[in-house]
Amino acid sequence: MHKKKQLILISNMSKILPCGRQPNLKKFFGLLPGEKEDPAGILNAQPYQVFGNQLDIHTGGIDLAFPHHENEIAQCEAYHQCEQWCNYFLHSGHLHIKGNREKMSKSLKNYITIKDFLKKFSSDEFRMFCLRSNYRSATEFSDESMDDAKNLLWAISSFINDANTYIKGQLVCEPIREDVLWERLANTKVNVKAAFADDFDTSRAVSAIMDLIHHGNRQLKAVTKEVGSPRSPIVYAAIISYIENLFNTVGISLGERQVISEDRTPVMFSGVIDELVNFRIKVRNYARAMPEATEVESTVQSQEAKLEEKEKRRLLLLEREPLLQACDNLRRDLAAFGINIKDRGATSTWEAVDQRREQQRTERER
């Protein structure tokens with residue numbers, strides 16, 4: 001009778017095993033009346049195929065630490081006959097609506113559906129929101145905290161865009177302190193690795209990345225005239241590569257976007273915009289180009305020539321005005337689709353912007 005009670009207890013608790021797997025109760029209690037032997041071990045083969053006799057990392061909410069995970073450890077160590085079934089348990093804190101002390105829960109009906117969430121924010125913005133807090137701590141969800149995460153993503157994307165512009169030779173800057181940036185990049189790699197090793201401190205890792213971006217941005221100040229100094233594209237390429245690879249690891253994509261053509265062939269979105277902006281640069285430079293002044297000998301002839309040249313320039317500008325207007329219209333039309341073109345003297349650059357963010361900024365300025 002005592003043996004039967006133990007069997008009922010463990011059978012009920014077996015529901016909490018990973019993926020619903022059942023412990024091999026027959027190993028401890030033998031066959032029940034009416035059961036047949038399973039010589040091939042088919043009933044018990046699946047648990048070994050899925051997890052084996054040891055896990056490295058097990059995650060779950062902080063409310064599951066006891067008794068759920070304590071029971072799971074006891075059962076699995078008894079089932080596998082091992083002293084340590086799982087090496088690390090990572091228990092995450094709860095998500096709260098700002099101003100509400102209760103955790104977000106379907107049973108409490110205080111949750112936000114993914115469908116409703118994605119109407120206002122993106123999945124990458126939520127990932128950044130999660131990275132900015134410690135996984136073990138309770139986290140407050142609010143529009144303000146999501147806007148902070150959105151602004152961080154925008155700052156990172158803006159830096160990568162400017163750095164790529166510099167690499168392509170479309171952004172003219174003062175001489176780059178390359179040694180300083182290489183040192184900053186090396187220090188950032190050390191700090192990020194230390195942060196992840198310190199109980200997965202993602203918030204400190206993100207802060208280290210933003211500090212690197214701050215120092216990278218300080219040297220990307222545009223100047224109007226070419227200074228003729230050596231350029232340093234390699235260090236910025238290394239910084240971009242490190243940042244993109246790091247965020248790709250945690251599920252945030254900062255790379256190029258793709259569009260799908262009618263024949264289902266993927267086309268690089270940025271490549272299409274690059275070609276369009278380059279064509280606009282040529283048209284704009286042609287419209288702004290003026291003929292060089294001619295040299296004359298006498299003062300009287302010089303005055304007449306200056307007046308004649310001035311009139312020619314006026315007529316030429318008037319003739320080419322529609323081209324400049326078309327360039328301005330294209331910039332305005334693309335802005336409606338989230339493409340922001342910046343004219344920088346004889347060249348132009350572009351960046352993709354969050355339309356909702358720009359609209360909110362415009363409304364605040366009003």
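Which helices do the buried residues of α8 pack against? They pack against α9 (202-218) and α10 (233-249), where a contact means heavy atoms within 4.5 Å. The tour below begins there.

This is a predicted model, in which local features need pLDDT of at least 70, side-chain atom pairs count only at pLDDT 80 or more, and totals for chains, interfaces and linings use all residues. Residues are numbered from 1 along each chain as its sequence is written, and side-chain values use heavy atoms, with hydrogens and water left out.

**The whole chain**

Of its 366 residues, 31% are buried. Buried means under 20% relative accessible area, exposed over 50%, and partly exposed in between (1.4 Å probe, protein chains only). Among contacts between residues at least 6 apart in sequence, 69% join residues at least 24 apart.

**Helix α8**

Select residues 178-197. This helix of 20 residues reaches 29 Å from its first C-alpha to its last, close to the 28 Å expected at 1.5 Å a residue; the expected span is 1.5 Å times one less than the number of residues. Colour Leu-181, Leu-185, Thr-188, Val-192 and Ala-195, which are buried. Seen down the axis of α8, the buried residues fall within an arc of 95 degrees, so they line one face of the helix; the arc is that of the directions from the helix axis to the C-beta atoms. On the other side, Asp-179, Glu-183, Val-190, Lys-193 and Ala-197 are exposed.

Step past the end of α8 to Asp-199, whose phi is positive, near 55 degrees. Phe-200, in the loop between α8 and α9, also has a positive phi of about 55 degrees although it is not a glycine. Most residues other than glycine have a negative phi, and most peptide bonds are trans.

**Aromatic pairs**

Rings of Phe, Tyr and Trp (its six-membered ring) pair if their centres lie within 6.5 Å; planes under 30 degrees apart count as stacked, over 60 as edge-to-face and the rest as tilted. The count comes to eight aromatic pairs. Select Phe-159 and Tyr-236, a tilted pair at 6.3 Å centre to centre with 45 degrees between the planes. Phe-159 lies in helix α7 (residues 143-167) and Tyr-236 in helix α10, so the pair ties together parts that are 77 residues apart in sequence. Both residues are buried.

Next, select Phe-196 and Phe-200: their ring centres are 5.3 Å apart and their planes at 40 degrees, so this pair is tilted. Phe-196 is partly exposed, with a relative accessible area of 24%, and Phe-200 is partly exposed at 43%. Then show Phe-117, Phe-121, Phe-126, Phe-129 and Phe-141, which ring pairs link into a cluster.

**Helix α4**

Finally, select residues 65-80. The end C-alpha atoms of α4 are 21 Å apart, which agrees with the 22 Å that its 16 residues should span at 1.5 Å a residue. Its buried residues include His-69, Glu-72, Cys-76 and Tyr-79. Seen down the axis of α4, the buried residues fall within an arc of 130 degrees, so they line one face.

Zoom in on Phe-66 and Pro-67, joined by a cis peptide bond with omega about 5 degrees. End at Gln-81, in the loop between α4 and β2 (86-92), where phi is near 55 degrees. Gln-81 counts as exposed, at 56% relative accessibility.

Definitions and conventions: Helices (H or I, at least four residues) and strands (E, at least two) are DSSP runs, numbered from the N terminus.
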